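Please look over the structure shown here before reading the questions and answers that follow.

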Amino acid sequence: MEAIFRKESNTLPFSVASDGTAIEAGEVVVVTGGKVIGIAYQKIGKGESGTLWKRGVFECACPATHAAIAQGDSLYFDESEYKITPTA
């Protein structure tokens, strides 16, 4: 099977349901069944569509008890604690 490159994409379109919760700019959003996260580019209101960044360098608050994170480490988003962690 041959794969044909179409374009590089650093963003992901995202829609909030009309009965969903609005998303603030900069908010971490979990998509694709928890396998992918994105960062909201701008506020996305109920019933609106917007853009999430899925690549880039972001600075986030980190709990004082976090494990050391080195460049290149895989990171995961813990939805229950709302934090980035090196533990899946």
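Q: In which strand is the place of glycine 38?
A: Residues are numbered from 1 along each chain as its sequence is written, and strands are DSSP runs (E, at least two residues, while helices are H or I, at least four), numbered from the N terminus. The model is a predicted one, in which local features need pLDDT of at least 70, side-chain atom pairs count only at pLDDT 80 or more, and totals for chains, interfaces and linings use all residues, while side-chain values use heavy atoms, with hydrogens and water left out. On that numbering, the place of glycine 38 is in strand S3.

Q: Does glycine 38 count as buried or exposed?
A: Buried means under 20% relative accessible area and exposed over 50%, with partly exposed in between (1.4 Å probe, protein chains only). Because its relative accessibility is 1%, glycine 38 counts as buried.

Q: Which residues does glycine 38 touch, not counting residues up to four places away in sequence?
A: Contact here means heavy atoms within 4.5 Å. The C-alpha atoms of glycine 38 and lysine 54 are separated by 4.7 Å, although the two are 16 residues apart along the chain. With residues up to four places away in sequence not counted, glycine 38 touches Glu27, Val28, Val29, Leu52 and Trp53.

Q: With which residues is valine 28 in contact, leaving aside its neighbours within four places in sequence?
A: Valine 28 lies in strand S2, and at 14% relative accessibility valine 28 counts as buried. Leaving aside neighbours within four places in sequence, its contacts are Ile37, Gly38, Ile39, Phe77 and Tyr82.

Q: Which residues form the largest nonpolar core?
A: A nonpolar core is a set of buried Ala, Val, Leu, Ile, Met, Phe, Trp, Tyr and Cys residues joined through side-chain atoms within 4.5 Å. In soluble globular proteins, nonpolar side chains tend to be buried together. Valine 29, one of the core residues, touches Phe14, Ile23, Val36, Ile37, Gly38 and Leu52, not counting residues up to four places away in sequence. The eight residues of the largest nonpolar core are Phe14, Val16, Ile23, Val29, Val31, Ala40, Ile44 and Leu52.

Q: Which strand gives the most to the lining of the largest pocket?
A: On a 1 Å grid over the protein atoms alone, a pocket is an open set of points with protein on both sides within 12 Å along at least five of seven lines, where a 1.4 Å probe fits, and lining residues have an atom within 4 Å of a point. The largest pocket is lined by 30 residues, among them Ile37, Gly56, Phe58, Leu75 and Ile84, which lie nearest its centre. At least two lining residues each come from S2 (28-31), S3 (36-40) and S5 (76-78). With four residues, the strand that gives the most is S3.

Q: Is alanine 68 buried or exposed?
A: Alanine 68 has its place in the loop between strand S4 (49-53) and S5, and its C-alpha is 14 Å from that of lysine 83, 15 residues apart in sequence. Because its relative accessible area is 71%, alanine 68 is exposed.

Q: What pattern does the protein chain follow, read along the sequence?
A: The secondary structure comes to zero helices and six strands, and the C-alpha trace spans about 40 × 35 × 20 Å along its principal axes. Read along the sequence, the pattern is β-β-β-β-β-β.
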